[in-house]
Amino acid sequence: MAGVTAPNVPVLAPASTAPARRRAAPVAAAVLSLAAAWVHFAYVGPHLRQWWAYGAFFLAAGVGQALFAPLVLRRPRAWLIAVGIAGNVAIVGMYVLSRTAGPPLGPHARVPERAGVVDLATTAAEIALVGVLLTMLGGRSRRWVLNLLLAAGVLLWALRLSGRLP
């Protein structure tokens with residue numbers, strides 16, 4: 001087959017998936033945030049009957065997550081993404097605390113609650129939301145947020161190991 005050459009066929013480069021990912025991440029973040037907000041709204045009543053502050057916490061969490069969804073779709077700026085990460089990490093932290101040591105205040109203070117399917121699924125959605133939000137940050141901002149999360153985790157472990165946290 002010496003002297004035979006392949007026909008001159010143009011090679012098409014694969015389309016970049018980066019723009020599609022940039023559009024998909026805010027949509028995924030909004031859906032996860034709305035799902036968590038919906039659950040928080042659904043449980044305001046039962047928590048309000050236990051104690052007004054428990055209900056207020058669920059209402060505030062639901063409102064924050066519901067308002068975050070259109071904002072992250074419209075203007076996914078680094079500061080907004082950082083606020084979303086901080087808010088959802090705080091909610092997940094309160095969930096873990098309430099299931100391991102009990103809520104810090106109120107009539108059920110220091111009495112651990114049982115974990116249920118709905119609250120575990122909601123917490124998983126919030127953790128997934130934090131992951132999606134981290135992918136939306138640029139390199140430098142992502143490093144800062146990850147370093148802050150790591151430092152907070154180390155601080156919590158140190159407080160726990162020293163006996164200052166239950």
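**A network of charged side chains and its surroundings**

Guide: Salt bridges link R99, E113 and D119 in a network. A salt bridge here is a side-chain nitrogen of Lys or Arg within 4 Å of a carboxyl oxygen of Asp or Glu. Side chains of opposite charge can pair when their charged atoms come close. The model is a predicted one, in which local features need pLDDT of at least 70 and side-chain atom pairs count only at pLDDT 80 or more, while totals for chains, interfaces and linings use all residues. Residues are numbered from 1 along each chain as its sequence is written, and side-chain values use heavy atoms, with hydrogens and water left out.

Over the whole structure, a search finds two salt bridges. In one of them, the side chains of R99 and E113 meet at 3.1 Å, N to O. R99 belongs to helix α4 and E113 to the loop between α4 and α5, so this pair ties together parts 14 residues apart in sequence. Helices are DSSP runs (H or I, at least four residues), as strands are (E, at least two), and they are numbered from the N terminus. In the other bridge, R99 meets the side chain of D119 at 3.0 Å, N to O. That pair links distant parts of the chain, with D119 in helix α5 and R99 in helix α4, 20 residues apart.

How covered are these residues? Buried means under 20% relative accessible area, exposed over 50%, and partly exposed in between (1.4 Å probe, protein chains only). R99 is partly exposed because its relative accessible area is 23%. E113 has 29% relative accessibility and therefore counts as partly exposed. D119, with 19%, counts as buried. The loop between α4 and α5 also holds R110, which has a positive phi of about 65° although it is not a glycine. R110 counts as exposed because its relative accessibility is 57%.

From D119 the view moves along helix α5. This helix covers residues 117-136, and its 20 residues should span 28 Å at 1.5 Å a residue; the end C-alpha atoms are 29 Å apart, which agrees. The expected span is 1.5 Å times one less than the number of residues in the helix. Buried residues of α5 include D119, T122, L129, L133 and M136. I127 and I85 are 42 residues apart in sequence, and their C-alpha atoms are 9.2 Å apart in space.

A nonpolar core is a set of buried Ala, Val, Leu, Ile, Met, Phe, Trp, Tyr and Cys residues joined through side-chain atoms within 4.5 Å. The largest such core has 17 residues, and A29, V72, I85, L133 and M136 have the most contacts inside it. Two or more residues each come from α1 (18-42), α3, α4 (78-100) and α5. The largest share, six residues, comes from α5. In soluble globular proteins, nonpolar side chains tend to be buried together.

Contact means heavy atoms within 4.5 Å. Not counting residues up to four places away in sequence, V72 touches P26, A29, A30, L80, L133 and M136. F68, found in helix α3, is in contact with S33, L80, G84 and L133, again leaving aside neighbours within four places in sequence. F68 counts as buried because its relative accessibility is 6%. The C-alpha atoms of F68 and A37 are separated by 9.6 Å, although these residues are 31 apart along the chain. Helix α3 itself has 23 residues and reaches 34 Å from its first C-alpha to its last, close to the 33 Å expected. Its buried residues include Y54, F58, F68 and V72. L67 also lies in α3, but counts as exposed because its relative accessibility is 53%.
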